Amino acid sequence: MKKIFLILFLLGCENTITDNSSDSAISDGIVINEINYNSSSDLDSEDWIELYNPTNQTIDLSMWEFHGDDDVFIIPENTILLPNQYVVLCENSSLFSEIFPSVNNFIGDFGFGLKGGGELLRLFDSSDLMVDEVEYDDITPWPIAPDGQGPTLELMDPFLDNALGNSWEASNINGGTPGGMNSVSNE
Ligand SMILES: [Ca+2]
Ligand SMILES: [Ca+2]
Ligand SMILES: [Ca+2]
Ligand SMILES: [Ca+2]
């Protein structure tokens, strides 16, 4: 009997650990919601990612860190994301605003490119807790059109597991939807 309890206890622990990691991602809320890692040559804004706040809380992103495989960008002070709002982190803000003159909710420059063959992107809060991570790829099950054909990678729903390629689609719009609702979103 004791043995069974111990096993249940251990199973319980394992579940708790697993749940905690996904719960902390959800409770911190911010989601990597769109990725432009390889622009088409006619619409080359250089690389960017879009963050989304799906919670009903205002979240302060000041001093949060965006990590690529080899590089880190520190989000500036006074970066506040209201509920249901988006912000774009861009590699090159002047090129970005040339291509997307009507998009104002961006910050940069993060100054490094996102790899054309996939890369691990991670977001950490100011206490160094990981908030979200996506290791995108340019092969199935990831949509492949975002690899230089014009569309971006768009998350279909901010509450889907964005670690999975199947949760993403190529945007319906050339250049994607930086700073606004994804074109493939059902909402
Ligand atoms: Ca790139
Ligand atoms: Ca590629
Ligand atoms: Ca996630
Ligand atoms: Ca978008």
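This is a predicted model: local features need pLDDT of at least 70, side-chain atom pairs count only at pLDDT 80 or more; totals for chains, interfaces and linings use all residues.
**Strand pairing in an open sheet**

Ile-35 stands opposite Leu-153 in strand E11. Strands of a sheet pair through backbone hydrogen bonds, in either a parallel or an antiparallel way.

The sheet as a whole
- Six strands form an open sheet with mixed pairing, in the order E8-E7-E2-E1-E11-E12.
- Strand E8 (106–108) and strand E12 (168–170) stand at the edges with a single partner strand each, so one side of each has no neighbour in the sheet.
- From one strand to the next, the twist averages 25 degrees.

Strand E1
- Strand E1 spans residues 31–36, and six of its six residues are buried, so the strand is largely enclosed by the rest of the structure.
- A residue counts as buried here if 20 or more other C-beta atoms lie within 10 Å of its own.
- In the sheet order, E1 stands between E2 and E11.

Pairing of E1 with E2
- E1 and E2 are antiparallel and pair over five bridges.
- Asn-36 has Trp-48, in E2, as its bridge partner.

Pairing of E2 with E7
- Strand E2 (residues 48–52) pairs with strand E7 (residues 86–90) in the antiparallel sense, over five bridges.
- The bridge partner of Ile-49 is Leu-89, which lies in E7.
- E7 is followed in the sheet order by E2 on one side and E8 on the other.

Technical notes: Residues are numbered from 1 along each chain as its sequence is written. Chains are lettered from A and ligands numbered from 1 in the order in which they are written. Two strands pair if DSSP finds at least two bridges between them. Helices (H or I, at least four residues) and strands (E, at least two) are DSSP runs, numbered from the N terminus. Axes are lines fitted to C-alpha atoms, for helices over the stretch in contact, and angles run from 0 to 180 degrees between N-to-C directions. A residue is buried if 20 or more other C-beta atoms lie within 10 Å of its own, exposed if 12 or fewer, and partly exposed in between; C-beta atoms are placed from the backbone.
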